[in-house]
Amino acid sequence: MKKIVTLCLLFVLQYAVVQAQSSNTFVVNGDLDKFYPVVFKDGNWFNNVATELEIGRSNTHADGDWRGSLISKFRFHCTLWGNGSSFVDLEMQGQNGVGGKLVPFIAGYRDASSGNVNLDLIIWLRGQTTYSYKSNTDQTPLIYDGVQKPLPFQEVNGPAHNYKTAVDSYINSVGKSSTGTLYTHDSGLNYMAGNLGLGTLDTKGYKLAVNGKILASEIKVEASLWPDYVFHQDYQLMSLPELEAYIKQNNHLPDMPSAQKAEKEGIDVGEMNKLLLKRLEETTLQLIELNKKMEIQNKRTERQNEVIAVQNKKINSLAAKIRLSKLKSN
């Protein structure tokens with residue numbers, strides 16, 4: 001009897017789990033070049049777990065040739081009047097337009113429950129497109145495309161939301177978009193094949209781009225052709241008059257970028273360090289040369305002073321003799 005009761009309980013639990021899940025397809029109407037608000041629910045909020053929602057379309061030719069394919073997964077927990085454990089994480093891969101071009105489907109998302117108890121998550125999805133979804137809780141997508149439901153969608157105690165015409169900057173169409181901060185605790189190698197932008201989405205082709213200040217205890221820049229060649233005997237050092245003429249003509253030191261070029265293109269730290277060192281080495285040689293000339297000039301001045309002193313001594317002696325002769329004659 002106990003076994004029968006246990007089996008019945010297991011069946012009820014499994015049935016309840018199945019009932020808590022939902023999957024279906026839906027169509028967003030409107031225009032192909034616009035993204036419309038579709039509202040989903042955080043049905044697991046009171047179960048104290050995150051809601052998971054997958055939205056996808058595997059066939060790139062659904063709705064038309066080369067319309068693109070999408071596999072995405074949202075994991076979220078709504079605010080509900082300001083509870084602090086809210087977040088939205090999105091993992092997405094979209095591709096397969098004509099020529100392999102990226103086709104955007106999701107333009108943005110928003111937790112719309114900060115001022116109400118509706119537990120709404122708004123996702124902006126591309127129009128004239130069929131989607132399939134699967135969730136770990138019951139879902140009935142509310143589609144505000146101007147056909148199935150009128151635009152705009154009015155958030156309770158919040159703003160009204162219309163369609164979007166461009167993808168928001170926080171959306172990563174070929175990877176992860178995550179709420180909160182990222183910690184990695186592995187002390188081994190953390191590898192990133194692509195470019196990294198901190199505070200910017202445009203790395204301009206560089207491996208690392210930072211829009212802001214950088215704090216570091218040590219920075220090492222690999223260098224080549226370090227300018228010790230300045231000290232070679234065959235190095236042609238610019239004379240000071242030549243340097244003066246160059247500065248008057250160009251308004252900057254030789255080899256240094258102009259202000260206009262530096263402001264437009266930035267500067268290479270490693271290259272600039274080499275240029276500054278070269279300039280310092282050249283200045284050092286020029287100072288050494290000036291010091292030698294000054295030493296020669298000082299020696300000449302000392303000799304001239306010695307000659308003048310001897311001459312003054314002779315003059316004073318002669319003057320004394322003249323005075324003595326005058327006294328005797330009187």
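Biologist: Where is Asn157?
Modeller: Asn157 sits in the loop between β10 and β11 (160-161). Strands here are DSSP runs of E, at least two residues, numbered from the N terminus. Bear in mind that this is a predicted model: local features need pLDDT of at least 70, side-chain atom pairs count only at pLDDT 80 or more, and totals for chains, interfaces and linings use all residues. Residues are numbered from 1 along each chain as its sequence is written, and side-chain values use heavy atoms, with hydrogens and water left out.

Biologist: Is Asn157 buried or exposed?
Modeller: Exposed, because its relative accessibility is 61%. The cut-offs are under 20% for buried, over 50% for exposed, and partly exposed in between (1.4 Å probe, protein chains only).

Biologist: What about phi of Asn157?
Modeller: Near 55°, a positive value in a residue other than glycine. Most residues other than glycine have a negative phi.

Biologist: Which loop holds Trp66?
Modeller: The one between β3 (51-57) and β4 (69-77). Phi of Trp66 is also positive, near 55°. Trp66 counts as partly exposed, at 44% relative accessibility.

Biologist: Switching topic. Which peptide bond is cis?
Modeller: Leu151 to Pro152, with omega near -5°. Pro152 lies in the loop between β9 and β10 (153-154).

Biologist: And in what order do the strands of the open sheet run?
Modeller: β6-β7-β2-β9, four strands with antiparallel pairing. Two strands pair if DSSP finds at least two bridges between them. β6 (106-111) and β9 (142-143) are at the edges with a single partner strand each, so one side of each has no neighbour in the sheet.

Biologist: How many bridges join β6 and β7?
Modeller: Five, in the antiparallel sense, with β7 spanning residues 120-126. Asp111 stands opposite Leu121 in β7.
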